[in-house]
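Let's walk through this model together, one question at a time. Have the sequence and the 3D view open as you read.

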Amino acid sequence: MADTNSALTHFEDVFSGDTYETDFTAFPVEDQILDPQYDYDSVDITRDDWEQRHGSMWKYRELLPITDTDNIVSLGEGETPLISADRLAERAGVDRLLLKDEGQNPTNTFKDRGASASISGAVQQGIDEVALATAGNAGQAASAYAARAGLDCHVFMNHQAGDIQKQMTDAHGAQLHLVDGKLPEAGSAFMEDLEANDRYSVATFHTPFRHEGKKTMGFELFEQLDWTTPDHVVYPTGGGVGLVGIWKAYQELLELGWLDEDAMPALHVAQSSGNAPIVRALDEKTDAHTVWENPNSIARGVEVPDPGASPWLIDIVTESGGTGVQVSDDTAIEAARDSARLAGVEVCVNPGVALAGAMKLGADGVFDESDEVVVLNTGAGCKTAHHLSSL
Ligand SMILES: Cc1ncc(COP(=O)(O)O)c(C=O)c1O
């Protein structure tokens, strides 16, 4: 047993401001998102410490909510490359376009960061059974980390999820509950089961841990860009866990005094035109989304018609000077193929939405020629290879 020196102090409800002790386990509560809070004055680390540590995202442990190293459940997630894509930059009309290649994580998506943090959180809370609803990738990731920790895992997956996600969830020994319909139907079946069986939810924003794992993407971007920030970050948005994580990382860098307020990047939400509730809310300048009727996109990870965190996401994007952009499935596929052909980087259709979104923002004049743009490649091309290949 060793102390992580985590500066965690308590959890705070993003909407009501109510505070909770760190051993609070009664999640989820309707319309509540608990966000870990830290005592930044107590954080005793330097940039050199960060540069010298390697192995996983837990190198940022002082700013993560796990207090004992024995509770960390890791498969070496994080430390993913930031890959410069010159020909894609040219197409977007900017000086530099970089792909943060989250496909190189253990189960090939950025979901591993959230799973590592939320399963570690479950272990810290003394839980032995977890559950979640998922479009696919988060279920695969949670089942891998639950297996590593020896926890039972129940995954409620929409039946349209890909074969890889279903098969690997099963291979990790999780209980796979396939639900007819889309994510909302899987979500309803999951909530019914949760109430009946009193399982611990690691679903989107149901624990204070999952978005904390995603925060490490922002820390890595800062480190990889030589302690600077890009001008723009384009993120393929479903529930928005990663967007919150990246934003929170930059807020904490401000707290540490490592960043100036005017250096914050603009955070842009990219969604599919078959399901774009956050983009619509941003366009219409409303404080929250309205549910998207009849969601219809092949990009299942971002096909979230009712993202509960929308007021928080809208605030974040607006405060950062970002915007929303929607693109068709065909454009997303084309962008994913362009990435494979022009940059050699394999991206699945969800980050294809972000890359196509970046091209659209470029064409619409949102970027300056001298800008540096980061696009999150949240998942590897193999996850949706059947959409990318003409074979
Ligand atoms: C590959 C991929 N990209 C993006 C997303 C959207 O993630 P978030 O919930 O952080 O918006 C998902 C969610 O399933 C995904 O699997």
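Q: How much space lies in the largest cavity?

A: This is a predicted model, in which local features need pLDDT of at least 70 and side-chain atom pairs count only at pLDDT 80 or more, while totals for chains, interfaces and linings use all residues. Residues are numbered from 1 along each chain as its sequence is written, and side-chain values use heavy atoms, with hydrogens and water left out. On a 1 Å grid over the protein atoms alone, a cavity is a set of points where a 1.4 Å probe fits but cannot get out; points are joined across faces, edges and corners, and the volume is the space filled by probe spheres set on them. For the largest cavity that space is about 50 Å³.

Q: Which helix gives the largest share of the lining of the largest cavity?

A: Lining residues have an atom within 4 Å of a grid point, and here they include Lys111, Ser118, Leu132, Val202 and Arg210. Helices (H or I, at least four residues) and strands (E, at least two) are DSSP runs numbered from the N terminus. Two elements give two or more residues to this lining, helix H3 (111-124) and helix H4 (137-149). The largest share, four residues, comes from H3.

Q: How many charged residues are in the lining of the second largest cavity?

A: The residues around this cavity are Phe27, Pro28, Val29, Gln32, Leu34, Phe205 and His206. Ala, Val, Leu, Ile, Met, Phe, Trp, Tyr, Cys and Pro count as nonpolar, Asp, Glu, Lys and Arg as charged, and the others, Gly among them, as polar. By class, the lining has five nonpolar and two polar residues, and the number of charged ones is no residues.

Q: Which element gives the most to the lining of the second largest pocket?

A: A pocket is an open set of points with protein on both sides within 12 Å along at least five of seven lines, and this one holds about 240 Å³ of space. Among its 14 lining residues, Asp35, Gln37, Trp247, Lys248 and Gln251 are closest to the centre. Strand S1 (8-13), strand S3 (34-38) and helix H8 (241-255) each supply at least two lining residues. With six residues, the one that gives the most is H8.

Q: Which residue in S3 is the bridge partner of Leu8?

A: Three strands form an open antiparallel sheet in the order S2-S1-S3, where two strands pair if DSSP finds at least two bridges between them. S1 and S3 pair over five bridges. In S3, the bridge partner of Leu8 is Tyr38.

Q: Is Glu372 buried or exposed?

A: Glu372 sits in strand S13 (residues 372-377). Beyond its neighbours within four places in sequence, Glu372 is in contact (heavy atoms within 4.5 Å) with residues including Arg96, Leu98 and His232. Buried means under 20% relative accessible area, exposed over 50%, and partly exposed in between, using a 1.4 Å probe and protein chains only. Because its relative accessible area is 13%, Glu372 is buried.
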